[in-house]
Amino acid sequence: MSTTTISRDWPAPAKLNLFLHVTGRRADGYHTLQTVFQFLDYSDRLDFRLRDDGRICRPAGPPDISEDEDLTVRAARRLREVAKPAAGAGVEIHLRKRLPTGAGLGGGSSDAATTLVALNRLWGAGLPVDELAALGLELGADVPVFVRGRAAWAEGVGEQLIPVADLPEPWFLVVQPAIQVATREVFQAPELTRNSPPITIVGFRAGLGHNDFEPVVRRRYPEIARALDWLDERSHGGGARLTGSGACVFAAFASEADAQAIKTQVPRDWQAFVARGCNQSPLYRRLAQESHDSSLTA
């Protein structure tokens, strides 16, 4: 194997669900949703070492996820099947996890999306974003929004996306209690509301919207309920929300200093970080840099 390119430090950012309504359930068992996705400037990081022996592997990544089950490996294999890059195209994927698992931040989906976007560029595949997003949907409902890289209003199972470019971009404090949520269990909970009335983007901007998973998670995970109450009290009431199906909770603050001040008070057995909300994914800043570097060497 000869190395042709090592491309480092591709971000796979976290996302927040600013609200999340379950509006129905399809015959195939999938739930229909309404939500708004916004990115955070806080990311996993991926390095790609291109190979010419056709091998796709992940020598560095989460120890509790096998290579074959890793969404980055699955994304790379699926992209190669569809895009058919040069004979022998392969890659080593080195994943440096920063986003906690089972947290509602979309870490695995974001890692898969970054793999699709980066290798589409590095392999010279040239697939348009619509095709990349369709490949992403095969891997998970949240992957397309990371592929497209814009804050978005989402419906369907999360794949019907309308960009929302003018959301406020506050500083967020994100808190994770020392617990993971079993996503499948929460989706299957009999007490989960599955008929929330649809709202409009105008209604969301006027303050409508909640997270239908929050009552279920509060009841089943008392530590997350405690974190929601703790953060709500310190964000002047009504400010703390669950993202996705949990386990992370978040609140918005006007400044980084305000968010950092509350972070210093987080109980020691919880994890926490402060990050800026982003309407454009940090991945696309990296992609722009890659394009710039290529133009300089052309």
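Q: Let's start with the strands. In which sense do S7 and strand S9 pair, and over how many bridges?

A: Keep in mind that this is a predicted model. Here S7 pairs with strand S9 (residues 249–253) in the antiparallel sense, over five bridges. For a landmark, find Trp 171, which stands opposite Phe 253 in S9.

Q: And how do S7 and strand S10 pair?

A: Antiparallel again: S7 and S10 (residues 271–278) are joined over six bridges. Your landmark on this side is Leu 173, which stands opposite Val 274 in S10.

Q: Why is S7 described as largely enclosed by the rest of the structure?

A: You look at how many of its residues are buried, meaning under 20% relative accessible area. In strand S7 (residues 171–176), six of the six residues are buried, so the strand is largely enclosed by the rest of the structure.

Q: Which residues of S7 lie on each side?

A: Trp 171, Leu 173 and Val 175 are on one side, while Phe 172, Val 174 and Gln 176 are on the other. Both faces are covered.

Q: What about the hairpin of S5 and S6: which residue there takes a positive phi?

A: That's Gly 156, with a phi near 70 degrees. The hairpin has four residues between its strands. S5 (residues 152–155) and S6 (residues 160–163) run antiparallel, with four bridges joining them. If you want a pair to click on, Trp 153 has Ile 162 as its bridge partner in S6.

Q: Now the helices. How are two packed helices described?

A: By the angle between their axes and the distance between the axes. In this model, helix H1 (residues 71–83) packs with helix H3 (residues 129–139) at about 135 degrees, their axes 10 Å apart. The two are therefore oblique to each other, and their crossing is right-handed.

Q: Which residues of H1 and H3 meet?

A: From H1, you'll see Leu 71, Arg 74, Ala 75, Arg 78, Leu 79 and Val 82; from H3, Leu 132, Leu 135, Glu 138 and Leu 139. Sorted by type, the contact has seven nonpolar residues, three charged ones and no polar ones.

Note on methods: Residues numbered from 1 in each chain as written. Predicted model: local features only at pLDDT ≥ 70, side-chain atom pairs only at ≥ 80, totals over all residues. Heavy atoms only, no water. Pairing = 2+ DSSP bridges. Axes fitted to C-alpha atoms, helices over the stretch in contact; angles between N-to-C directions. Parallel < 35°, antiparallel > 145°, perpendicular 65-115°, else oblique. Left-handed = near helix turned anticlockwise from the far one by under 90°. Contact = heavy atoms within 4.5 Å. Nonpolar A, V, L, I, M, F, W, Y, C, P; charged D, E, K, R; others polar. Buried < 20%, exposed > 50% of the residue type's maximum accessible area, 1.4 Å probe, protein only.
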